[in-house]
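Biologist: Can you walk me through this model? Keep it short, please.
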Amino acid sequence: MSDALLPVRQTATAERPSTSPTVSESETSATSAPPDTQALSSPAIALQQLNKAPGLSERKRMLYGTWIQGYLDYLKRECLGAPRPAYVKRFLTQIRESSESDEKTYQSAAEALVFYHERLLRQTVCSDGYRLATLTDNEKRKIVSQLQGPERVLALVVCYTDLNLKEALRLRVGDVEVSKRTILVSNSTGCADRSISFPELLQEPLRKQRAYVRDLHDRDLANGYGTVDVPDEVVRQFPWASEQFVWQYLFPADERTLDIRAGTERRYPMTPDALLDAIESSDAPLTRAFRPLK
């Protein structure tokens with residue numbers, strides 16, 4: 001990972017907090033106009049707004065500013081455009097994988113970026129998928145230990161890859177190349193959007209998950225079912241695609257559901273109730289940054 005992702009001295013001069021009376025955050029959010037996301041993509045403007053935010057110590061203001069500036073520089077280098085909640089995890093994943101960073105560095109960056117998105121941009125990043133991704137390794141292991149079968153594999157994928165929960169649930173069998181340790185993330189039309197790598201510890205669980213789906217698919221075919229919904233663009237080019245193993249969901253539901261439009265029963269992505277319950281009931285100390293900010 002580039003050194004540019006790690007904290008550097010902040011070059012912008014931070015204003016000292018105003019000594020005049022401050023308006024409460026609830027009053028501010030009720031009366032202020034929606035934030036200009038494009039304008040706040042500029043490090044200078046973002047730092048200016050950060051300096052106006054109430055309730056931060058001078059030290060924390062400077063620390064947040066350093067991470068926000070580094071994050072916006074990263075978005076520019078990667079040509080990702082305006083900041084979006086999905087980019088937070090990409091940025092944090094690279095920090096976690098860096099040999100020069102530790103858990104304290106990671107949590108510091110997480111706290112700063114959630115403040116930037118939720119307080120300045122008013123964009124929610126505190127979904128269950130993000131909470132799971134930003135736990136410490138010990139906290140992740142504790143949650144994964146409560147799970148079995150496909151939901152355990154799903155939790156491992158969300159914990160240790162650059163995928164959020166929704167993206168993981170939409171994975172098809174053909175998106176995963178176990179031997180190469182890569183996952184293709186496709187968009188709504190079925191075209192590959194990006195490729196990500198996964199650690200060696202996921203190879204065997206994913207290999208077993210593919211075998212589980214293969215067995216389930218073979219049984220469905222034998223019973224006269226086995227089709228799955230695929231993008232219309234794919235159907236037009238490959239009418240038989242819905243029956244192919246590579247198009248089956250990697251994390252299918254236990255039960256088939258009637259597709260009224262197709263007139264047949266199909267398997268859709270699973271509902272990870274046990275995983276969501278494990279996250280919700282976990283007594284592990286989640287990082288303050290990924291709790292909803294009032």
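Biologist: How many residues does helix α8 have, and how far does it reach from its first C-alpha to its last?
Modeller: A word first: this is a predicted model. Helix α8 covers residues 149–160, which is 12 residues. It reaches 17 Å from its first C-alpha to its last. That is close to the 16 Å expected at 1.5 Å a residue.

Biologist: Which residues in α8 are buried?
Modeller: E151 is buried in α8, and so is V153. L154, A155, L156, V157, V158 and C159 are buried too.

Biologist: OK, at what angle do α4 and α5 pack?
Modeller: About 165°, with their axes 10 Å apart. Helix α4 is residues 85–97, and helix α5 is residues 103–120. An angle over 145 degrees counts as roughly antiparallel, so α4 is roughly antiparallel to α5.

Biologist: Is the crossing left-handed or right-handed?
Modeller: Right-handed, where α4 passes α5.

Biologist: Which residues make the contact?
Modeller: From α4, they are P85, V88, F91, L92, I95 and R96. From α5, they are E103, T105, Y106, A109, A110, L113 and H117. By class, that contact has nine nonpolar, two polar and two charged residues.

Biologist: What about S108? Where does it lie?
Modeller: In helix α5.

Biologist: Next pair. At what angle do α2 and α3 pack?
Modeller: About 155°, and the axes are 10 Å apart. That makes α2 roughly antiparallel to α3. The crossing of α2 and α3 is right-handed.

Biologist: Which residues of α2 and α3 make that contact?
Modeller: α2 gives P43, A46, L47, L50, N51 and K52. α3 gives R61, Y64, G65, I68, Q69, L72 and D73. Sorted by class, the contact has seven nonpolar, three polar and three charged residues.

Biologist: Tell me about L50. Is it buried or exposed?
Modeller: L50 lies in helix α2, residues 43–52. L50 counts as buried because its relative accessibility is 1%.

Biologist: What does L50 contact, apart from neighbours within four places in sequence?
Modeller: L56, R61, Y64, G65, I68, F115 and L120. L50 and Y64 are 14 residues apart along the chain. Their C-alpha atoms are separated by 8.2 Å.

Biologist: Where is R181 placed?
Modeller: In the loop between β1 (176–177) and β2 (182–186).

Biologist: Why does R181 count as partly exposed?
Modeller: Because its relative accessible area is 32%. Partly exposed runs between the buried limit of 20% and the exposed limit of 50%.

Technical notes
Residues numbered from 1 in each chain as written. Predicted model: local features only at pLDDT ≥ 70, side-chain atom pairs only at ≥ 80, totals over all residues. Heavy atoms only, no water. Helix = DSSP H or I, 4+ residues; strand = E, 2+ residues; numbered from the N terminus. Expected span 1.5 Å × (residues − 1). Buried < 20%, exposed > 50% of the residue type's maximum accessible area, 1.4 Å probe, protein only. Axes fitted to C-alpha atoms, helices over the stretch in contact; angles between N-to-C directions. Parallel < 35°, antiparallel > 145°, perpendicular 65-115°, else oblique. Left-handed = near helix turned anticlockwise from the far one by under 90°. Contact = heavy atoms within 4.5 Å. Nonpolar A, V, L, I, M, F, W, Y, C, P; charged D, E, K, R; others polar.
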